[in-house]
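Please examine the structure shown below. The paragraphs that follow lead through it step by step.

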Amino acid sequence: MASKIPPGLRPADISRFAVRAAQLEKVKPVISYWCEYYMVNQIIAKGLHTTDEDCMGYTTTLMDKLEQTKTQHSDNDAILDDVAARAYVEQFALETFQRADNAVRANKVSAQTADTFRAAATFLDLSNVWGKPEPEIAAKSKYAKYHALRIAKALKAGEDPNASNPAPEPEPEESAPALDPTDPEVQRINGAASMQPTVEDAPPSFLPSPTFDQPSVPAAISPADAPPIAPPRPDHSDVSPLDAPGSRTNSVGGGYFPSVPTFTAENSVPTFTSENPIPSLPTAAPDAPMADSPSGPEDYYQTRAPPSVPPVNNIPAPSPPTNTYAGVDTTMSGTGGGGSTGYRYDDDAIMNAQKHAKWAISALNFEDVPTAVKELRVALQALGAN
């Protein structure tokens with residue numbers, strides 16, 4: 001069909017489409033079909049099919065061939081459906097264009113490159129079948145025609161077509177877009193206040209638990225009149241795995257319980273003399289009642305005011321010291337370290353019980369009640385309370 005175009009059809013500019021249709025008739029029948037379809041549209045749109053009998057016969061032959069191709073490929077969407085056909089043709093045109101452009105970028109331009117550019121421009125112009133082509137398609141078609149002409153002129157003049165290749169443009173550096181500070185996601189990432197608390201964020205164990213309310217100290221008792229506080233026992237190497245690192249240095253019982261004394265046979269009953277009288281503590285004023293119900297164990301042992309002490313002359317004879325564990329009064333025997341109920345009073349037992357009591361308090365700081373109960377039971381077992 002390419003070599004038999006009547007002279008009356010030359011104004012339709014269909015010769016380049018006829019050449020490509022003949023080349024691809026066997027390997028790319030879809031592209032060949034749309035090239036011939038474009039030719040028929042151009043002839044009829046310009047009314048050239050009525051120019052003479054040769055033009056009418058050429059146009060009729062093309063139309064019959066199109067119907068035959070549709071019958072042979074009745075299940076091919078790239079022929080029957082316009083959307084699929086346009087996508088197929090544009091994809092093939094862009095692939096052809098890319099092969100020629102790669103040769104230019106690699107400075108390997110030849111006569112074949114010029115022909116590839118001409119073919120790419122022809123295939124890109126097929127987009128006019130479905131309306132006005134997209135700006136990118138139109139720009140690539142113009143680019144392909146320009147380089148095809150440039151290469152052909154250089155070869156005709158005996159010059160190296162690579163000498164006139166355009167210099168490669170530097171690739172622009174892609175910079176990340178600026179983050180919008182008003183974006184909730186950006187604020188969530190940058191805002192440390194919205195982060196979930198971790199073990200490292202836990203307050204030091206020597207501070208009171210935030211779930212307990214600190215009662216006010218009675219106004220009737222001044223710091224100077226308060227009884228002296230026994231120094232804490234030295235910290236042991238055992239550290240609760242629930243504690244933050246370094247949060248329980250020099251702390252006994254997590255700061256919630258007083259130090260527990262070691263009971264031995266050498267303990268003696270304290271005596272009071274005129275040189276060492278019992279300090280007299282003033283009673284609370286009527287308008288400042290004592291805190292009868294502390295809100296937590298640390299309040300009971302740290303802020304509870306001691307009862308008033310009668311004068312020294314009326315103190316009765318002291319009795320042997322006793323300790324009450326789990327509601328049972330056990331009187332210390334004169335020898336040995338244990339009471340009559342089988343509890344343990346040695347240093348190892350008390351240290352072990354303190355250790356597990358600290359772990360229980362740490363668990364309560366994180367509201368882990370099962371772990372706290374487990375550690376308290378181990379502490380009681382260490383003291384012989386099974």
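Helices are DSSP runs of H or I with at least four residues, numbered from the N terminus. In this predicted model, Trp34 and Tyr37 are three residues apart in helix H2, so about one helical turn separates them. A pair of aromatic rings is described by the distance of the centres and the angle of the planes. For Trp34 and Tyr37, the centres are 5.1 Å apart and the planes stand at 70 degrees, which is an edge-to-face arrangement. The structure holds nine aromatic pairs.

Helix H2 also packs against another helix. Two packed helices are described by the angle between their axes and the distance between the axes. Helix H2 covers residues 29-45 and helix H3 covers residues 53-72; their axes come within 10 Å and cross at roughly 145 degrees. The crossing of H2 past H3 is left-handed. On the H2 side, the residues in contact include Tyr37, Met39 and Val40, while those of H3 include Leu62, Met63 and Leu66. Sorted by class, this contact contains ten nonpolar, two polar and three charged residues.

In the model, residues 348-383 are 89% helix and 0% strand, with the end C-alpha atoms 9 Å apart.

How confident is the prediction? The average pLDDT of the chain is 73, and 57% of the residues score at least 70. Over residues 212-218, the pLDDT is below 50, and this stretch has eleven contacts beyond near neighbours in sequence. Residues 263-268 also stay under 50 in pLDDT. Where pLDDT is low, the predicted coordinates should not be read in detail.

Technical notes:
Residues numbered from 1 in each chain as written. Predicted model: local features only at pLDDT ≥ 70, side-chain atom pairs only at ≥ 80, totals over all residues. Heavy atoms only, no water. pLDDT = per-residue confidence, 0-100. Contact = heavy atoms within 4.5 Å. Axes fitted to C-alpha atoms, helices over the stretch in contact; angles between N-to-C directions. Helix = DSSP H or I, 4+ residues; strand = E, 2+ residues; numbered from the N terminus. Left-handed = near helix turned anticlockwise from the far one by under 90°. Nonpolar A, V, L, I, M, F, W, Y, C, P; charged D, E, K, R; others polar. Phe/Tyr/Trp six-rings, centres within 6.5 Å; stacked < 30°, edge-to-face > 60°.
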